[in-house]
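I opened this entry to record what I looked up, in the order I looked it up.

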Amino acid sequence: MSRSYLDFKAIRERVPFLGVLDRYHIEVKRVNGSQLKGRCPLPSHTSKEPDTFCVNTDKNVFCCHSDSCKKSGRGASGNVIDFVCLMESIQAYEAAAKLNEWYPDGLPPKPATAAEPEENRPLAFTLKDVNPEHPEFARAFPIPKDEGHPIIKASSVCRFGCMMVITGGSG
Ligand SMILES: [Zn+2]
């Protein structure tokens, strides 16, 4: 069987590490924007230390800090191709072919580093002196003709990232 040409560099850059972890049902915790850690899934891993397995989604690389993996001889760090090599005990070409099949060329890479959307946090301060005459306020909180006080639309709450309590009268 003739081997077709595989661009290892392109595969390393194209295939998101998170997607590969997903394929193997490996659970990791997010440490910060680009760092993940969890239990090491490598066959060479025998250490009982927790969370020695780290992935950097910016660089698209992994490593295991445990002695068991470091001493395994095959190394315990590298890119997505190295990772699949270790996971499946296969050669780099086979690993690259597998990744190429999972993520065919031409597909846009998944945004592996995209942070989960942060929820709107409550304001850390009290909103004061809101000017009801301000045109932006009128747009956000339109006052229906039949009622004396503004109605807060859900869309406005999302947009302003806050919740307001409007009390009638002198306030
Ligand atoms: Zn390990």
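I started with residues 161–167, where pLDDT stays under 50. For this stretch the model, which is a predicted one, has nine contacts beyond four places in sequence.

I then looked up confidence for the protein as a whole. The average pLDDT is 79, and 63% of the residues score at least 70. Which elements have the lowest and the highest mean pLDDT? Helix H7 (residues 154–160) has the lowest, at 50, and strand E3 (residues 53–56) has the highest, at 97.

Next entry: the sheet. I find an open sheet of five strands in the order E1-E2-E3-E4-E5, with antiparallel pairing. Strand E1 (28–30) and strand E5 (77–79) are the edge strands, each pairing on one side only. On average, neighbouring strands of this sheet are turned by 20° against each other, with direction ignored.

Three bridges join E1 and strand E2 (residues 35–38) in the antiparallel sense. For Val 28, I read Gly 38 in E2 as the bridge partner. As for the helix on this sheet, H4 packs there and touches strand E4 (61–64) and E5. The direction of H4 makes about 120° with that of E5.

I followed H4 to its other contact. H4 packs with helix H5 (residues 92–102) at an angle of about 110°, and the two axes are 8 Å apart.

From H4 they are Val 80, Ile 81, Val 84, Cys 85 and Glu 88; from H5 they are Ala 92, Ala 95, Ala 96, Lys 98 and Leu 99. By class, the residues of this contact divide into eight nonpolar, no polar and two charged.

Last, I looked up Glu 88, one of the H4 residues in that contact. Glu 88 lies in helix H4 (residues 80–88). Is Glu 88 buried, exposed or partly exposed? I count 13 other C-beta atoms within 10 Å of Glu 88. A buried residue needs 20 or more and an exposed one has 12 or fewer, so Glu 88 is partly exposed. I also logged its distance to Pro 43: Glu 88 and Pro 43 are 45 residues apart in sequence, and 8.6 Å apart in space from C-alpha to C-alpha.

Technical notes: Residues numbered from 1 in each chain as written. Predicted model: local features only at pLDDT ≥ 70, side-chain atom pairs only at ≥ 80, totals over all residues. Helix = DSSP H or I, 4+ residues; strand = E, 2+ residues; numbered from the N terminus. Pairing = 2+ DSSP bridges. Axes fitted to C-alpha atoms, helices over the stretch in contact; angles between N-to-C directions. Contact = placed C-beta atoms within 7 Å. pLDDT = per-residue confidence, 0-100. Nonpolar A, V, L, I, M, F, W, Y, C, P; charged D, E, K, R; others polar.
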